Amino acid sequence: MNKRRVVYEGKAKILYEGPEPGTLIQYFKDDTTAFDAQKRAVLDGKGVLNNRISEFMMTRLAGVGIPTHFIRRLNMREQLIKKVEIIPLEVVVRNVAAGSLAKRLGIEEGQVLPRPIVEFYYKDDALHDPLVTEEHIAAFGWAGPQEYDDLVSLALRVNDFMSGLFAAVGIRLIDFKLEFGRYFEGDAEIPRILLADEISPDSCRLWDFETGDKLDKDRFRRDLGGVTEAYAEVARRLGIIRESG
Ligand code: C5P
């Protein structure tokens, strides 16, 4: 029985109170949703894979100086994280046109973008996470001017590093979504910005370099099948697990 206090329950994860003040436990569910949770499924083992893949990414990113909320993995489905105040923005970086960008601007999926594009979406399920600009972010105070600059530069550094990491295992990083939080260290008045949430095939588009096969959540969104198998393939190529499937 789980007696820990639930701090927040999202579509794919649960946050529990952590063992020490300032910490939380992030639990990865097998639940998968798309299109504002209109499409749902439980994919056996997906949470286990995302826990491992996100641990791997956060650890590697910390190794190149990106501050993250990740402390350590606790078990198959849980990791200990720093408790942050989530900035209400989804930061998307795109290298290749796909998904909502391709649709919005009428660009063919797969077209390489002239340069990486950073986009911000306001986190609000009821509004379907609308695209917002720096003007909205400043006017409504969702992030301060320095924070905004930090988000852009951190997102681009994550993109550089992850693009290389995936390319080395034959995967193209098409686009991905990040979330950030404010961490108040001790009694510091100015918080540090930490990379938060997760980095996994749920939040990235990953295409096989050779075949173009999708190794991400689009397999679920577009009913392509083999969702968990694709996530396992990503984990296998990154050397996180030995066998796929
Ligand atoms: O749907 P869209 O093309 O805007 O998604 C861009 C990237 O952000 C994709 O990798 C997608 O998986 C991710 N994303 C996400 N969570 C959302 C929206 C997008 O992880 N709520």
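**How to read the model**

Residues are numbered from 1 along each chain as its sequence is written. Because this is a predicted model, local features need pLDDT of at least 70 and side-chain atom pairs count only at pLDDT 80 or more, while totals for chains, interfaces and linings use all residues. The average pLDDT of the chain is 96, where pLDDT is the predictor's confidence in each residue, from 0 to 100. A score of at least 70 is reached by 98% of the residues. For the model, ipTM is 0.98 and pTM is 0.97.

Let us begin with the big picture. Where the domains meet, 18 residues of domain 1 are in contact with 22 residues of domain 2. Here, "in contact" means that the C-beta atoms of two residues, placed from the backbone, lie within 7 Å.

Which elements supply at least two residues each of the side of domain 1 that touches domain 2? They include strand E4 (31-34) and helix H1. H1 gives the most to this side of domain 1, with seven residues. The names follow a simple scheme: helices (H or I, at least four residues) and strands (E, at least two) are DSSP runs, numbered from the N terminus. By class, the side of domain 1 that touches domain 2 has ten nonpolar, five polar and three charged residues. In this count, Ala, Val, Leu, Ile, Met, Phe, Trp, Tyr, Cys and Pro are nonpolar, Asp, Glu, Lys and Arg are charged, and the others, Gly among them, are polar.

In the model, the span 7-237 is 30% helix and 33% strand, and its end C-alpha atoms lie 34 Å apart.

**Around the ligand**

Now turn to the ligand. How many residues surround the ligand? There are 14, and the closest are Gly99, Ser100, Lys177, Ser203 and Arg205. A residue is near a molecule if its C-beta atom, placed from the backbone, lies within 6 Å of it. Strand E9 (89-96), helix H2 (99-105), strand E12 (171-183) and strand E14 (204-208) each supply at least two residues of this shell. The shell residues divide into six charged, five nonpolar and three polar.

**Helix H6**

Helix H6 (residues 227-237) is largely enclosed by the rest of the structure, because eight of its eleven residues are buried. A residue is buried if 20 or more other C-beta atoms, placed from the backbone, lie within 10 Å of its own, exposed if 12 or fewer, and partly exposed in between. Among the buried residues of H6 are Val227, Tyr231 and Glu233. Their cover includes helix H1 (46-63), E12, E14 and helix H5 (218-221).

Thr228 is found in helix H6. Leaving out residues up to four places away in sequence, Thr228 touches Leu43, Asp44, Gly45, Lys46 and Leu49. After H6 comes Gly239, whose phi is positive, near 80°.

**Single residues to look up**

Two residues other than glycine also have a positive phi. For His128, phi is near 60°, and for Asp197 it is about 60°. His128 sits in the loop between strand E10 (112-122) and strand E11 (131-132), whereas Asp197 is in the loop between strand E13 (192-196) and E14. The table gives their surroundings, along with those of three further residues.

| Residue | C-beta neighbours inside 10 Å | Class |
|---|---|---|
| His128 | 10 neighbours | exposed |
| Asp197 | 23 neighbours | buried |
| His136 | 14 neighbours | partly exposed |
| Thr211 | 9 neighbours | exposed |
| Thr228 | 20 neighbours | buried |

His136 lies in helix H3 (residues 134-139), and Thr211 in the loop between E14 and H5. Between the C-alpha atoms of His136 and Tyr122 there are 9.3 Å in space, and the two residues are 14 apart in sequence.
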